[in-house]
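Colleague: Could you take a close look at one strand of this model for me? I would like to know how it sits among its surroundings and what happens along the chain on either side of it.

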Amino acid sequence: MKIGALEWMIEENIAYLTIQRPEVLNALNQNLLSNFEEWLDRVEKELDQSKHTYRCIVIKGAGEKAFVAGADIHEFKDKSRSQGQEMSQRGQKVFSRIEELPLPVVAYIDGYALGGGAELALACHFRVGTKNAVIGFPEVKLGLIPGYGGTVRLSRIIGYSKALEWMTMATYISAEEAYRRGALNVILEPSNNESSKDKEGSSELNSLEALKKWLQPLIKMAPLAIKNVILTIRSNTSIRANDLESLQRESVLFGELFETQDTNEGINAFIEKRSPKFQGK
Ligand code: COA
């Protein structure tokens, strides 16, 4: 089933939500956020009425290069402080709704998970990567900061100092490093299926098979017990419950940068495919 640029499919107790804007590496634009809202309305209702047949949800990106390469930078152009803040609050809300779903949500990262894409992955309960996974927060290259809850969630997951390093240096983190720091739960080892090696897309198919295998224990456990584990752990760790102030601060600080020359320069430099020249103004 299609919900705008999202594709929703259920197979063998696992639901797959695929983000389909591969031509821009699945960059999250405002339309996609609307699609996510519509999808969440549907899923929350289904779960509320116990009308679902799946035991977990996998979020993945279409194409070979990316999970999601960030918020759509073209939509940042000429935004005011308040528009920037509203954009941030909207993204935060969508991602918090994902974090608060009462069944496991897994980000399947094969390629880039950058900026808003990394923040989406952090809002999922699990992050599973292939060896091609790359996680990064390049917002400072645009003169911006992460604005969809990432400043709060990354510190919780990998600790304050490393989070500060990744976000201020805009480092691209390999799958191995992300796994070592706890940002990935696992790096999938695709089975070496000789017979499928020549077929188109076989490497992705093998990784998805490995993902299914990794998920087997989870989908065999008692769903109500899994739900209650999520609900109890969430009451300690859900950022919506505990960090409303931090989220609000993030969106205010994200918004105010839209009034600076450097942010204007950073966004234009990306669009014009050149390096930015920042002046601290
Ligand atoms: N927003 C809008 N468009 C994006 C995008 C984003 N976040 N990320 C990639 N794209 C677009 C590119 O502009 C390009 O479009 P074009 O073909 O019209 O020029 C297309 O996706 C393919 O990307 P390209 O840059 O050609 O691929 P690459 O393999 O050379 O580089 C990246 C991949 C991820 C390193 C690079 O696309 C990039 O730096 N993207 C932005 C990442 C970012 O800053 N995200 C945080 C946003 S807050």
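Modeller: Gladly, and one word is needed at the start: a residue is buried under 20% relative accessible area, exposed over 50% and partly exposed in between, with a 1.4 Å probe and protein chains only. By that rule, 49% of the 281 residues in the protein chain are buried. Please keep in mind that this is a predicted model, in which local features need pLDDT of at least 70, side-chain atom pairs count only at pLDDT 80 or more, and totals for chains, interfaces and linings use all residues. Residues are numbered from 1 along each chain as its sequence is written, and side-chain values use heavy atoms, without hydrogens or water.

The protein chain holds 11 helices and 11 strands, which are DSSP runs numbered from the N terminus (H or I over at least four residues for helices, E over at least two for strands). Its C-alpha atoms fill a box of roughly 55 × 45 × 35 Å along the principal axes.

Six of its six residues are buried, so the rest of the structure largely encloses β3. Look along the strand and you will find I14, Y16 and T18 pointing one way, with A15, L17 and I19 pointing the other way. Both sets are buried.

Now for the neighbours, where two strands pair if DSSP finds at least two bridges between them. With strand β2, residues 6–11, the pairing of β3 is antiparallel and runs over six bridges. The chain gets from β3 to β4 through helix α1, residues 30–48, in a β-α-β crossover that is right-handed: with the strands pointing away from the viewer, the path from the first strand over the helix to the second runs clockwise.

E12 is not a glycine, and its place is in the loop between β2 and β3. Unlike the residues of β3, which are buried, E12 counts as exposed because its relative accessibility is 57%. On the way to β4 there is S50, in the loop between α1 and β4. S50 is also a residue other than glycine with a positive phi, near 50°. At 58% relative accessibility, S50 counts as exposed.

Stepping back, the whole sheet is open and has seven strands with mixed pairing, in the order β1-β2-β3-β4-β6-β8-β11. Its edges are β1 (2–3) and β11 (186–187), and each has a single partner strand, so one side of each is left without a neighbour in the sheet. G129 has I187 of β11 as its bridge partner. Going back to β3, then, you can see a strand set between β2 and β4 in the sheet order, with six of its six residues buried.
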